[in-house]
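User: Please take me through the pockets of this model. Keep it brief.

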Amino acid sequence: MIGIKTYKAKLLLTLTSREGQKFDQVVELVIDADSKEEAEKRLKNLDASVKLDSIAITSIHHVGTKTR
């Protein structure tokens with residue numbers, strides 16, 4: 001095979017705080033795989049652990065300005 005195939009998977013991540021508050025976040029993950037079926041097989045029925053590495057601002061959305 002020449003080149004590397006990559007597939008984008010959308011994961012639904014459920015986060016739970018120490019106080020028990022839960023919220024969902026969609027996460028997109030790009031993985032290398034030879035086929036869509038292989039990518040699905042690698043991601044299906046997995047348990048995951050998370051370690052926060054960093055947080056950085058990516059954009060600022062201006063909703064509007066108030067003028068007098």
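The questions below cover the pockets and their linings.

Analyst: This is a predicted model, where local features need pLDDT of at least 70, side-chain atom pairs count only at pLDDT 80 or more, and totals for chains, interfaces and linings use all residues. Residues are numbered from 1 along each chain as its sequence is written, and side-chain values use heavy atoms, with hydrogens and water left out.

User: How much space lies in the largest pocket?

Analyst: A pocket is an open set of points on a 1 Å grid over the protein atoms alone, where a 1.4 Å probe fits, with protein on both sides within 12 Å along at least five of seven lines. Volume is the space filled by probe spheres set on the points, which are joined across faces, edges and corners. For the largest pocket that gives about 290 Å³.

User: Which element gives the largest share of the lining of the largest pocket?

Analyst: Lining residues have an atom within 4 Å of a point. Here they include Leu-11, Leu-12, Leu-13, Val-27 and Leu-29. Strands are DSSP runs (E, at least two residues), numbered from the N terminus. Three lining residues, the largest share, come from strand 1.

User: How many charged residues are in the lining of the largest pocket?

Analyst: Asp, Glu, Lys and Arg count as charged; Ala, Val, Leu, Ile, Met, Phe, Trp, Tyr, Cys and Pro as nonpolar; the others, Gly among them, as polar. The largest pocket has eight nonpolar and one polar, and its charged residues number two.

Technical notes: Helix = DSSP H or I, 4+ residues; strand = E, 2+ residues; numbered from the N terminus.
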